Amino acid sequence: MTSRTEAPDTDADREIRAILDFDRLTGFTVNAGAGSGKTTSLVKALAHITRTRGSALLAKTQQVACITYTEVAAQEIHADLGNDPLASVSTIHSFLWSLVQPFQKDIGAWVATSIDDRIGALVNKQQGYLSGTKAATKAKDAAELEKWERRKLAVDNVTRWQYGIGSDYGQGVLGHADILKMVPQMILTRGLFARLVARRFPFIFVDESQDTFTEVVEALKHVRSVADGKMCLGFFGDPMQQIYMQGVGSIAAEPGWRNVDKPENFRSSKRVLACINAIRAEGDTMQQVSGLGDAQLEGEAYFFVLPADDHRSQNLERVRAWLDYHSQSGNWTRSASQGGSKVLMIAHRMAARRLGFDALYAAFHDNGSASLDESFSDGTAWPLKPFRDVIVPLCAADHPSSPEVLGVLRQHSPVLRDVQGSPRLRADLATSRAAVTKLRALVSGQPNTSLGELLTFASEHQLIELDPRVDAFLHPDGQHRDVVLDNQTRSVLEAMVQCAFAELNGYEAYVKQESPYSTQHGTKGAEFDRVVVVLDDDEGNFNLYSYDKLLGLKPLSDTDLKNRAEGRDSAIERTRRLFYVCVSRAKQAVAVVLFATDAAKAAEIARQSALASHADVLTLEDL
């Protein structure tokens, strides 16, 4: 166990324990603001169950389940619990797969039905062709139909289904999207399956519930309903911190559920906390209070209003230099990892331009694939996995014969994998090292070598075994020719392979948090001593959000007004949440930097805003 389990109780912790101790189990939601120690409350709840009900769970071969947003979060929570085997902590995809994996026949039936539906849709599309439909469109649809029909035949021979990042039905592999669609559907339509889930997990907790898929929330609520008082379902989150479009946001409480508020903030100084509350006040009714007591610092808050011209980058650095000289909280010009500040931006594109990977960013962001866009931003995009795992490590090693090179090759090369003791080992190793030398020569002194060239070279020389989707893209008539790539994925891959290898350096520094820049998505749950929040609608080029509209610099569109009138999310609500998440990352001091077309008008509006009561408003003249 760690200090989280030993942390002093809050009112919320005591209330959660009372709920968990009821004989007839129920559901509850925890609304925990930024810096409240939400994860601490979650860990304490898990520890309480394993401590008070551990014997009963063990006797019935049951566990308490905790669903998290990332693998890193899952590992941290499990470590906090001392790796207690009674607690199953995993991401939503892994959790859902663990439920359905034993039911292989049901998986096969679902896949077969899905393929039939896809074939039916393509047939209907062909039957509805207009007289002027282009021949190229007809040929493309016919080729896709043929692939799906071959896939259907291949599925009949699959004896064991596995879970991977992306689907390859012919090889018996289901992807993320399949799991998120299939398992909730099975839970909602098959009563026995739902009861088995409740029997296996009498307690299920969901972390970051505001960003959980709506279908998953509905399925889990259904499991609790069929359990008839023998299962407890708890959601830990904060609707004000919903930053992903697919997230459910606020969890609607069912009859008999308890709502638990946790308004404390154990992170921020007085000035930062006042700014947080000013932003939150127009979004919901929770006002956070300090949980730091005498340890709470006074802190600092600044609001810079600067012109949205061609000197943004230079002026942003002038702000950080000014803060270095005038602020009392510490250094602002170094990156946060070096004791400086973290610069948060509304869109990753803004950081990509400054770090030199804007073409790579555009490849993933501008081609309509929401899943690849999101995974690119957090460093997990599957098309880049060959570079992360193989090509970059091979090129970064001190020498082609370095031990790390051999380690990479033995793990990823189809030639050297599982050949220990083989008489071919020495020859294969020499061939592979020669290929590594040529690979390194392709990038050494040639930063514009394209990712496509390197990927093709590494594949042809068997330094790597390609993901079936990448292989199908590079070799349409090859082993994985039946893999169907949607138009968005194909567009991403076409743009990616043209990008220069040199762009990976800036991208790697960005996703590893080694640069000063990030976004609210990239720092979810993180905290920093000093934070610079950049508000710039023009440079962000992100029409889902608008700081200009939030601050009253630009009128709402007809769509915004309609969405607000109908109680749906608008640019205003989405932007307020992003602003709240950004500012609430700061522990000691925060500086908001607004780039505005009419800087004078914006400065006047800023001085009349709620933030002006807690932050010093400054302009270019002050720098």
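Q: What share of the contacts with a separation of 6 or more comes from residues 24 or more positions apart?
A: In this predicted model, such residues account for 74% of the contacts with a separation of 6 or more.

Q: Which secondary structure elements make up the protein, and how many of each are there?
A: The protein holds 27 helices and 16 strands.

Q: How does the radius of gyration of the protein agree with that of a compact globule?
A: The rule takes 2.2 Å times the number of residues to the power 0.38. For 623 residues a compact globule would come near 25 Å, and the protein has 27 Å, which agrees. The C-alpha trace spans about 70 × 65 × 65 Å along its principal axes.

Q: What percentage of the residues is buried, and what does the accessible surface come to?
A: Buried means under 20% relative accessible area. Of the 623 residues, 53% are buried. The accessible surface comes to about 27,700 Å², and carbon and sulfur atoms hold 49% of that surface.

Q: How many positive and negative side chains are there, and how far apart do the centres of the two sets lie?
A: There are 69 positive and 79 negative side chains, with the two centres 4 Å apart.

Q: Which residues does UniProt list for "binding site"?
A: The unreviewed entry lists Ala32, Gly33, Ala34, Gly35, Ser36, Gly37, Lys38 and Thr39.

Q: Is Ser36 buried or exposed?
A: Ser36 counts as buried because its relative accessibility is 1%. Leaving out residues up to four places away in sequence, Ser36 touches Lys262, Glu264, Asn265 and Phe266.

How values were computed:
Residues are numbered from 1 along each chain as its sequence is written. This is a predicted model: local features need pLDDT of at least 70, side-chain atom pairs count only at pLDDT 80 or more; totals for chains, interfaces and linings use all residues. Side-chain values use heavy atoms; hydrogens and water are left out. Helices (H or I, at least four residues) and strands (E, at least two) are DSSP runs, numbered from the N terminus. Buried means under 20% relative accessible area, exposed over 50%, partly exposed in between (1.4 Å probe, protein chains only). Contact means heavy atoms within 4.5 Å. Accessible areas come from the Shrake-Rupley method with a 1.4 Å probe; for residues, only the protein chains shown count as cover. Lys and Arg count as positive and Asp and Glu as negative; His and the chain ends are not counted. The place of a charge is taken as NZ of Lys, CZ of Arg, CG of Asp or CD of Glu. UniProt positions are given in the numbering used here, feature names are shortened, and annotations may be inferred rather than shown by experiment.
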